[in-house]
Structures are given as C-alpha cells and as structure tokens.
Amino acid sequence: MAAARAAFDRWAATKPSQRTILLFKIAELIDKHAEELALLETLDNGKAIFESKNVDIPGAAEVFRYYAGWSTKIYGETNPSSEDFFNYTLREPVGVCGQIIPWNFPLLMASWKIAPALACGNTVVLKPAEQTPLTALFLGKLLLEAGVPKGVVNILPGYGETAGAAIAPHMGIDKVAFTGSTSVGKEILKASAGNLKRVSLELGGKSPNIVFRDADLDAATVGAMLGIFFNQGQVCCAGSRLFVEEKVYDEFTDKVGKFAGGLKIGPGTDPETKIGPLVSKEQHERVSRYLEIGKKEGAKVKAGGDVANDGDLKKGYFVKPTVFTGVKNSMQIAQEEIFGPVVSAIPFKDEKDAVLQGNDTLYGLAAGVWTRDVSKAHRVARAIKAGTVWINCYNLTDPASPFGGFKQSGWGYENGQDGIEGYLKTKTVMVQL
Ligand code: NAP
Ligand code: MG
C-alpha cells in the first residue's frame, strides 16, 4: 500500500502516450509467454488447456491492447457558462486502487482490473485468490519487464480473511474493485465506509438462457452447453437456468442431454479435455451438495448427476456435466448459484412467461436469447433485467463492451468506456474572466 501510494504522483503525471506504449508492451509480453501462461493457469486452476490457450491468455493480452488506446483519449469538457466565466473539467485518476479477484479466470480477471486502472494513471494493490496466484505473479514480472515503474502495481497473494479483508477498511486506499461472491461483496461494501472509498463489485449470477421454439435448435444446443459447461460452470455469467419453450422442451432437452453426456472429462493438461476438474475440494463438495439437493427437490437427471470418479478421475475434483429437467424456477437449484457444471432446464409457455421467470431471481448479470425472430430477440433483450444479453450466442465478452451486474450481481462496470469511468474522478474548474 505504501509502495502504491509512493508511486502514485509520478505515475499519474506520466505522459499519456507513455502509458499507451507500456500497455501495448505488456500485451506483447503476454503473447510472447502465452504457452507458459496457459500451462500455468491450467496447473493452478485445473481448467482445460484448450480454454486457457484460446480464451484466458489471449483475452488478457486483448484487454491491455484495448486500454492502451484509452490513455490518450481521456478528455475533460468545457462547460456552458455565463460569458464572464470559463468553466472546464479535468479527469483525474482515482488514486490507489485495491483490487480483489477470484480463482475462475485468474489472469483474465487480473487484466480486466489492472489494464483500465493503469490506463487512467492509478496505482494498484491486487490480491489474487489464494487457490490461483501464479499467473498474477507472472504478470507482475511482465509488468516490470515492460517498464512499469516499481510500486505502480503490487501483487499481494494471501488469504481473503487476512490480505483481502485488509483492503476495504484501509484508510489509504481510494477505491476497491472486487470480483467474487455476493456475500463477500456485501462485506466489502460495509467495510469501505470508513473513508467512503469508491466501490465496484462484480458478483454472482443465476443467468437465464432462453430458447424459443423458432430458434436454430442445433446452434442453441451448442450455445446452451457452452453457456454452462465452459470452465466447468465456474463462470459468474453462466447460463445456469435454461428456459425452453414448452413445445420443444422434450426434443431440446434430449439434444442437450446427449451433448452433455458426450463431453470428454479429463485432466486440464490433456488437449482433448473439454471438462476439467473443479478448482478445489471445497468447490467439489459444494457442487456435489447441490446435485443431491436437486434430486431431493424432484428434478430429473437427464445427464450426469454425479461426481466423475472412474479410474484416474478419482484423483481429481471432477463432476459430470449435469442437466436437470423438470425444474421449477422456485427450486433451490434454480435460485442459488451453484458455480459448477450443472444446468436446470425449465419449461416456459410464451415470451411473457419467459421474461417473467427469467427475471425472477436476485441476480442480474447476464442472459441469453435464442430465436430467429429479430423483433422478439430485441424485445426480450430489453425486458430482461441483466447487464449483458446475448442473442444467439452466449458467454462472450469483448474489451470494448461494458460488463456489469444489475440487482445483486454488482455495482459498476468493467471493460469499455464504462470501465474507464470507474477509474477516474472529475474535477470542475471555474475561472472568473
Ligand atoms: P469469494 O470467497 O468471494 O472470493 C473472491 C475473492 O475475495 C478471493 O480473492 C478471496 O480470497 C477474497 N475474499 C474472501 N473473503 C474476503 C473478505 N472477507 N474480504 C476481502 N476479500 C475476501 O468467492 P469464491 O467462493 O472464491 O468464488 C466463487 C464466487 O465468486 C461465486 O459465487 C461467483 O459468483 C463469484 N464470482 C463472480 C464473478 C463476476 O465477475 N461477477 C467472477 C468470478 C466469481 P481467497 O480466495 O484467498 O479466500
Ligand atoms: Mg474463497
């Protein structure tokens, strides 16, 4: 913290184009070490190397590249005023930013946090999740190699209850940016009151993925599966509630069940693996518990429904990709975030019913809509209360498009121009002429 404070004034005063050069350089270094970083991510988290290589690592480089361009495009305004005044605004970095990230996309989340903060001239103390600190530490090394001055970014591995909990109440930190569970997010918000630091929160979700009968059902099958089984379902915006129009419910859930049953489960390091292990014993137990809850609540197992422990799989925290059918939106498995490869397929009658049930959740992070009807797609996109709506696709993010939660899924945005706004404050200057 002291290092970040000491580095702040000089860093905030760097020429914007110099920060652009550094951010581009970081992206290049991530690309250069992509193989190593992908392997490290998979070893640390367990995720399939196929995903680390194609999503996590290139995504991290991309976000530095995107924000590199922003350093030189941060403008204040001249404000309309009476003729004897000249009023304008300055955009200034917020200051020292404490950033806390989860274990599901370790390097990507570190990059979503660090890149916009640096583009705006802030300094950073970043706490990675205790399960997955390795790629964040590697990134720290690359930042120094790129020429980011010492103290500007401080990677501080440690436990949530100690290192993490020290950040929000700290009087010397100006902003806390958190990604993780809704319960810890609420604690952070309370703990931040001491100096009224800025707070941004990216929290949980129970996102509806809505399939209408007029959709391309083959494409929707792949989309529904990617929506929940990507990263073993350990994704905040996972499409964990799969709403299917009644008339195609049986046909579609058959397709989905078959698809889920065919996914190759294996160690993350195997290039053929589609479903790797969960991140930890704790997560494995949590998901197993929900599988039992689902069965007790009367949901039917269409695929999976159990841990995977044949042969060598015994050694890891594997769960079979699971499709529950006959689920009601009021069931616990449809209301609580499982954060594992478990989807609840819920029937709906018509568009109105889909929206009503889709919005019946505490969360509002994301949603998916599958239909060939353009008007319906846009109507539903408007009606759904969520920060991101995907039409005929799912689980995609783009550094240029803001990502954030409605309702109890969070406060504030990452990515895009909104991501920049979160790391700036505005100063008004009034000049009497
Ligand atoms: P978590 O406990 O909230 O952990 C997230 C981060 O917060 C970790 O770095 C953790 O450190 C730290 N932490 C824990 N307790 C803390 C405290 N009292 N004060 C400050 N920091 C603290 O979440 P998790 O259980 O590991 O991860 C799963 C959850 O994260 C899911 O519920 C999911 O919804 C949410 N998530 C949301 C997003 C999103 O973008 N919205 C992304 C990923 C995950 P340690 O790991 O060292 O304990
Ligand atoms: Mg934790």
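Let's start at the ligand. A polar backbone atom of Leu-203 sits 2.2 Å from a nitrogen atom of ligand 1. Keep in mind that this model is predicted.

Two further polar pairs involve oxygen. For Ile-101, a polar backbone atom is 2.7 Å from an oxygen atom of ligand 1.

Now, burial. On its own, ligand 1 exposes 890 Å². The protein buries 86% of that area.

Where does ligand 1 sit? In the largest pocket.

Next, the shell. There are 29 residues around ligand 1. The nearest are Ile-101, Trp-103, Ser-181, Leu-203 and Glu-337. Split by class, the shell holds 15 nonpolar residues, nine polar ones and five charged ones.

Which elements give two or more residues to that shell? Helix 7 (160–164), strand 6 (175–179) and helix 8 (182–191). Helix 7 provides the largest share, with three residues.

Last point, the domains. Why does ligand 1 lie between domain 1 and domain 2? Because both domains give residues to its shell. Domain 1 covers 2–203 + 409–432, and domain 2 covers 208–391.

Notes:
Residues numbered from 1 in each chain as written. Chains lettered and ligands numbered in written order. Predicted model: local features only at pLDDT ≥ 70, side-chain atom pairs only at ≥ 80, totals over all residues. Heavy atoms only, no water. Near = heavy atom within 4 Å. Polar contact = N/O pair within 3.5 Å; in protein donor to acceptor, adjacent residues only side chain to side chain. Areas by Shrake-Rupley, 256 points an atom, 1.4 Å probe, with all protein chains shown as cover. 1 Å grid on protein atoms, 1.4 Å probe; cavity = no way out; pocket = protein on both sides within 12 Å on 5 of 7 lines; lining within 4 Å. Sits in = over half its atoms within 2 Å of the grid points. Helix = DSSP H or I, 4+ residues; strand = E, 2+ residues; numbered from the N terminus. Nonpolar A, V, L, I, M, F, W, Y, C, P; charged D, E, K, R; others polar. Domains from an automatic or database assignment.
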